Amino acid sequence: MNWRRGMACLVLTIITVMITARFAAGWLDVSELRQGNTPREQTYVVALPGGTDSRTFAAAVIYREGIAGTVAILGELDSFAAEQGDQLPTWRIAELVYRSRGVPQDKILLLAGKSQSTETDIQQLATLWEHEPQAHVIIVTSAAHTRRVALTCRNLLPKAPERYSILACPEDRYAVDRWWQTETGMRVTVAENLKLAVYAARFGGWKVATLFVLIGSFVMYAARRYRSQQSHHQTASSERTTIECVS
Amino acid sequence: MPQKANVLLDGGDGCFDYVADLVRDNSCSQVLILQTPLSRLEEIGVIPNATVGTVKNLERGGVDGRIVTTIPGRPLNRWDGALCLESWMQDHPREFVHVVCEQHQGRIVRTIIDHSTKPSIAARITVAGLQDQRFVDRHWWKSRRGWTVVLNGWISFAHVNSFGAPDDATRSLSAAEFENRMIKKIHPLVEEHVPALQASK
């Protein structure tokens with residue numbers, strides 16, 4: 001009877017993992033546009049650093065489509081390669097992309113600051129509202145990154161939920177519904193879910209931390225129980241074999 | 001590393017300095033590059049294409065740009081790249097190749113080469129992983145960069161070992177295709193959420 005229950009648990013676990021895995025990449029995308037009645041002149045679009053090959057192109061489209069009136073670029077720490085002169089700094093690449101995709105120079109705003117993480121990016125963005133409190137900012141990032149950006153915004157900008165929107169740019173490096181089939185898809189999805197867990201624990205405080213500890217304990221307990229059942233089963237079957245051999 | 005090998009550049013922190021040192025030591029006869037498909041930034045001319053960029057960076061380190069050879073083919077990923085390299089090595093049966101990559105990608109590169117090329121060819125390929133100077137390898141968990149590099153390395157390694165070569169390699173969209181997809185993506189959102197814009201239109 002026990003092996004039947006074990007098989008049922010195994011099948012159920014496989015089905016759960018397959019269903020969860022299928023949506024592990026899709027659920028990260030929480031794109032939303034809530035510009036409301038903010039006029040174009042007071043709407044800014046900003047592409048978060050880390051995807052000059054995609055996010056900046058998407059931000060340029062938002063400007064060209066008449067949704068935003070200004071394109072903002074976050075100030076960044078120059079990478080090692082940029083310091084060595086091997087490549088251009090990322091903010092400079094972003095500026096060149098905007099210029100070549102039809103954004104006039106006077107509609108590009110370079111923010112002061114040193115972007116290092118999603119958190120510092122949002123902190124830097126907050127300086128925009130110091131100068132223009134009515135501004136609406138459209139934050140453009142990769143689809144998998146939007147949920148973590150939304151979480152960070154909710155915690156760092158709690159008083160201004162209607163002052164920003166988060167939009168995902170198209171993903172062409174991997175198919176979101178088959179993310180595990182490519183190396184990039186797996187790397188992005190797994191790493192982003194882990195980072196999200198870290199951010200959730202950090203912002204969620206003791207409640208989320210307790211939840212993670214409980215889930216972790218349950219998984220460890222289940223694994224130990226499964227292992228001990230397996231070893232018990234093996235011992236029993238080997239004893240049976242020995243008895244059969246003796247008889 | 002065999003005497004006078006061909007060096008294939010896959011990346012790595014300080015890879016251009018490393019190659020320049022090999023050339024000065026007379027250990028490198030030519031530098032090989034796999035020509036990846038044109039990225040959107042290359043397409044619109046914001047950054048030079050990979051071959052031009054590599055030659056420029058090597059020349060800055062005192063290496064003669066004429067020793068750079070591009071391996072034919074436009075591989076979409078490392079598995080394709082290994083096949084292009086195999087084909088080049090079949091045409092050059094006496095040559096050895098020394099692949100230079102990031103330290104935490106070394107095992108991945110080796111696995112791909114061993115799985116996708118003939119054993120006789122794989123035996124003529126050595127792999128060197130260059131240590132990332134931006135974090136201390138033994139204390140990788142102490143820096144953000146260390147976490148990123150090590151985590152990505154393990155995830156990629158797990159994928160390469162579990163799934164092998166992808167059935168269909170993904171080709172990046174061109175700048176125009178990408179922008180069209182973005183327009184299609186935002187139009188429904190605009191119609192629903194931006195009444196001010198609709199009114200002005």
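The crossing of helices α4(B) and α5(B) is right-handed, a label that applies when the near helix is turned clockwise from the far one by less than a right angle, with left-handed kept for the anticlockwise case. This comes from a predicted model, in which local features need pLDDT of at least 70 and side-chain atom pairs count only at pLDDT 80 or more, while totals for chains, interfaces and linings use all residues. Residues are numbered from 1 along each chain as its sequence is written, chains are lettered from A and ligands numbered from 1 in the order in which they are written, and side-chain values use heavy atoms, with hydrogens and water left out.

Helix α4 of chain B covers residues 78-91, and its axis lies 9 Å from that of α5(B), at an angle of about 55°. That makes α4(B) oblique to α5(B); under 35 degrees counts as roughly parallel, over 145 as roughly antiparallel, 65 to 115 as roughly perpendicular, and the rest as oblique. Axes are lines fitted to C-alpha atoms, for helices over the stretch in contact, and angles between N-to-C directions run from 0 to 180 degrees. On the α4(B) side, R78(B), W79(B), A82(B), L83(B) and E86(B) meet I108(B), V109(B), I112(B), H115(B) and S116(B) of α5(B). Sorted by type, the residues of this contact come to 6 nonpolar, 2 polar and 2 charged. Here Ala, Val, Leu, Ile, Met, Phe, Trp, Tyr, Cys and Pro count as nonpolar, Asp, Glu, Lys and Arg as charged, and the others, Gly among them, as polar.

Helix α5(B) also packs against α7 (residues 144-163) of chain B, at about 15° and with the axes 9 Å apart. The two helices are therefore roughly parallel to each other, and α5(B) passes α7(B) in a left-handed crossing. In contact terms (heavy atoms within 4.5 Å), R107(B), I108(B), T111(B) and I112(B) of α5(B) meet G153(B), S156(B), F157(B), V160(B) and N161(B) of α7(B).

Chain B has an open sheet of 5 strands in the order β3-β2-β1-β4-β5, with parallel pairing; two strands pair if DSSP finds at least two bridges between them. Strands β3 (68-71) and β5 (125-130) of chain B stand at the edges with a single partner strand each, so one side of each has no neighbour in the sheet. Strand β2 (residues 28-34) of chain B and β3(B) are joined over 4 bridges in the parallel sense, and L32(B) stands opposite T69(B) in β3(B). Helix α5 (residues 106-116) of chain B packs on this sheet too, touching β4 (97-102) and β5 of chain B, and its direction makes about 160° with that of β5(B).

Over in chain A, there are 7 helices and 5 strands. Buried residues (under 20% relative accessible area with a 1.4 Å probe, protein chains only; exposed is over 50%, partly exposed in between) make up 41% of the 247 residues of chain A. In helix α2 (residues 55-64) of chain A, 9 of the 10 residues are buried, so the helix is largely enclosed by the rest of the structure. Among them are F57(A), V61(A) and Y63(A).
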